[in-house]
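Hi everyone, thanks for making time for this. Please have a look at the model on the screen, and then I'll walk you through a few places in it.

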Amino acid sequence: MAQNELPPKYYLEYFNYVLDFVQEKYRHILNENEWRFLRKYYCLSEDAQCLFIRFSNRRGLFFRVNKLSYSELKDIPALLNELLEREFIESLNPEKHQTFSKEMLNVLNTKEIVAQFSELSKEKTAQYRKLKKDELVEVILQDFSLEEITKKLNAFEPIIKVCFEYEATFMKFLFFGNRYLDMTEFVMRDMGLVQFENYDDDKLVARFNTRKDAEDKWLITDQNDLFNQLKDTAPPVEIYDWFMNFADTVGELSEVAKPSYERLIIKIATFLEKNKQLDEALTIYRLTEQVPSRERQVRTLQKLNHIDEAFSLCQQMIEFPKNADEKFYAIDFLNKLNTKKRTKKSTTSWLHQAESITISIDFRHQVEMGVVDYYHNEGKLAVFAENHLWRAFFGLVFWDIVFDPSLVAFHHPFQRRPSDLYLPDFYEKRKDMIISHLESFADVQDLLTYMGERYESKFGIANPFVVWLEEIWMIVRKAVEVVEFEAMKKILHEMSKNLVENLRGFPDLFMWDDIADEYCFVEVKSPTDNLSNQQLSWLQYFEEIGVKAKVLRVYWRENDNLEIED
């Protein structure tokens with residue numbers, strides 16, 4: 001693919017677009033510090049704006065002046081002076097920068113740090129040379145005061161710190177709705193590497209309705225970043241104390257921040273469980289019912305020998321399951337308790353009733369390909385399907401509903417999916433539209449025509465469903481032709497109810513025989529494979545609605561002998 005060339009100051013256009021966008025959509029929540037940043041930014045010369053943006057788009061807050069070189073900026077020393085006068089950068093200052101001591105040292109490489117701080121003794125120098133950079137920085141901070149470090153850094157080379165770092169980052173955060181996307185999204189689009197659904201800016205809505213919405217989302221992102229640091233350095237009990245203190249004081253979070261908070265809860269509880277802090281893990285799991293919290297609670301309760309509590313929770317999971325994993329785990333757990341002996345899991349029972357074939361051991365490491373070969377030798381066609389077929393099917397049928405900007409789920413021009421796609425209310429907000437849309441198709445040909453039009457008109461646009469390959473469309477079209485029309489619509493409807501869970505677990509292969517007029521979706525299992533709960537859920541649903549699907553167990557053939565592994 002030929003890549004487009006970008007103009008020299010492409011990043012200036014991008015950053016100014018972000019600022020204009022934020023002022024239009026978020027004028028009501030910006031505070032005085034952010035307005036001050038904007039006023040001062042617009043007073044900079046164009047090249048000074050460019051240099052500040054260069055700093056803003058790079059990692060870190062401290063930069064070595066002598067290493068700054070940008071071909072489109074001719075007089076960098078003069079620009080630095082302008083930025084310094086306008087308070088967009090500042091020189092190293094031990095009083096103002098005491099919380100950034102590590103960042104200051106990290107602008108030097110390991111050899112440079114050793115050379116600058118090797119004056120204490122030969123023994124110390126020898127010690128420094130043996131250390132990795134992170135360790136070396138820690139030792140330097142113990143051996144030298146911040147004033148001494150600042151003095152040595154200034155003597156080595158002029159180093160500046162960027163100011164307004166929070167305000168600039170917050171502008172991007174408001175634009176993207178999170179801190180994980182960055183300005184490279186513009187580059188990817190304009191170089192022709194990624195194509196996005198096209199919306200007028202007027203149809204895009206603010207991700208955050210209030211200042212609290214934005215601050216809560218920012219807060220949870222901060223806590224997630226902090227946990228990622230603590231889990232590698234702090235004892236599990238200290239992490240538990242830290243998080244419980246946070247949970248007790250955080251108050252009622254905005255709805256937009258709650259999904260991120262619940263994911264953080266699961267991460268921390270899982271970490272504690274793995275580190276054998278079972279009571280602590282259980283306490284944190286109980287802060288959410290987000291999957292897989294209830295299943296992990298049951299497992300933890302069992303380890304703590306709190307069987308009655310585990311029993312009661314399993315009954316709730318069976319009555320109101322959040323996904324197939326909860327449902328089948330709870331059923332299997334209660335069966336085991338009730339029989340007082342070892343019982344087969346639901347997935348194991350289904351697996352043991354499956355058909356089996358033998359194929360060459362040459363396919364040991366590509367078992368699905370071996371089954372494709374097996375069917376081809378029988379004169380049948382078989383292709384890899386798994387989740388790609390069904391995701392593409394869903395995406396093509398519901399594209400206009402998924403990407404409808406009127407449902408206030410699109411907030412910037414680089415979204416690959418609506419912001420609520422994997423939230424519980426995705427279906428509830430669109431339920432009537434989904435049902436009406438499915439009922440609008442008179443027959444299979446009507447459905448295929450609609451999907452074909454979407455495939456042609458939306459080809460190449462980034463999305464979470466369709467892989468834009470000709471063979472994917474051919475497979476989807478064939479599946480729609482052979483599966484009973486009403487059953488196909490039921491599958492689509494079922495998928496839409498819970499996209500987090502129901503976009504996975506479909507059978508590996510799609511097999512058909514035009515001559516015999518037959519088809520089947522096949523879940524392939526080698527001798528050592530297990531059936532997942534979600535796979536079993538779809539197999540049962542297919543059986544219920546009359547879609548042909550099965551599990552096929554594979555055994556290896558070597559020297560004409562059957563080898564069965566358990």
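Let me start with a question: how many bridges join strand E4 to strand E8? There are 6 bridges between E4, residues 355-360, and E8, residues 549-558, and the two strands run parallel.

Before going on, a word on the ground rules. This is a predicted model, where local features need pLDDT of at least 70, side-chain atom pairs count only at pLDDT 80 or more, and totals for chains, interfaces and linings use all residues. Residues are numbered from 1 along each chain as its sequence is written, and side-chain values use heavy atoms, with hydrogens and water left out. Helices (H or I, at least four residues) and strands (E, at least two) are DSSP runs numbered from the N terminus, and two strands pair if DSSP finds at least two bridges between them.

Back to E8. Strand E7, residues 518-525, also runs parallel to E8, with 5 bridges joining them. Keep an eye on Arg553 in E8: Ser356 stands opposite Arg553, and Arg553 is also the bridge partner of Lys525.

Asp517 has a positive phi of about 55° although it is not a glycine. Is Asp517 buried or exposed? It is exposed, with a relative accessible area of 67%; the cut-offs are under 20% for buried, over 50% for exposed and partly exposed in between, using a 1.4 Å probe and protein chains only.

Now please turn to the other sheet I'd like to show. Here 3 strands form an open sheet in the order E1-E3-E2, with antiparallel pairing. The edge strands, pairing on one side only, are E1 (62-64) and E2 (89-91). E3 covers residues 159-162 and has 3 bridges to E1, and E2 and E3 pair over 3 bridges as well.

Next, the second largest pocket, which holds about 1,700 Å³ of space. Of its 47 lining residues, the closest to the centre are Arg58, Arg59, Gly60, Leu61 and Thr169. A pocket here is an open set of points on a 1 Å grid over the protein atoms alone, where a 1.4 Å probe fits, with protein on both sides within 12 Å along at least five of seven lines; lining residues have an atom within 4 Å of a point. Which helix gives the largest share of the lining? That is H10, with 7 residues.

Two more stops. Helix H21, residues 386-402, bends by about 50° at Leu396, the bend being the angle between axes fitted to the seven residues ending there and the seven starting there. H21 is mostly covered, with 13 of its 17 residues buried. In the loop between H21 and helix H22 (425-439) you'll find Val408, another non-glycine with a positive phi, about 45°. Val408 counts as partly exposed because its relative accessibility is 48%.

Finally, a cis peptide bond joins Val291 and Pro292, with omega about 10°. Pro292 sits in the loop between helix H15 (278-285) and helix H16 (293-303).

Notes: Points joined across faces, edges and corners; volume = space filled by probe spheres on them.
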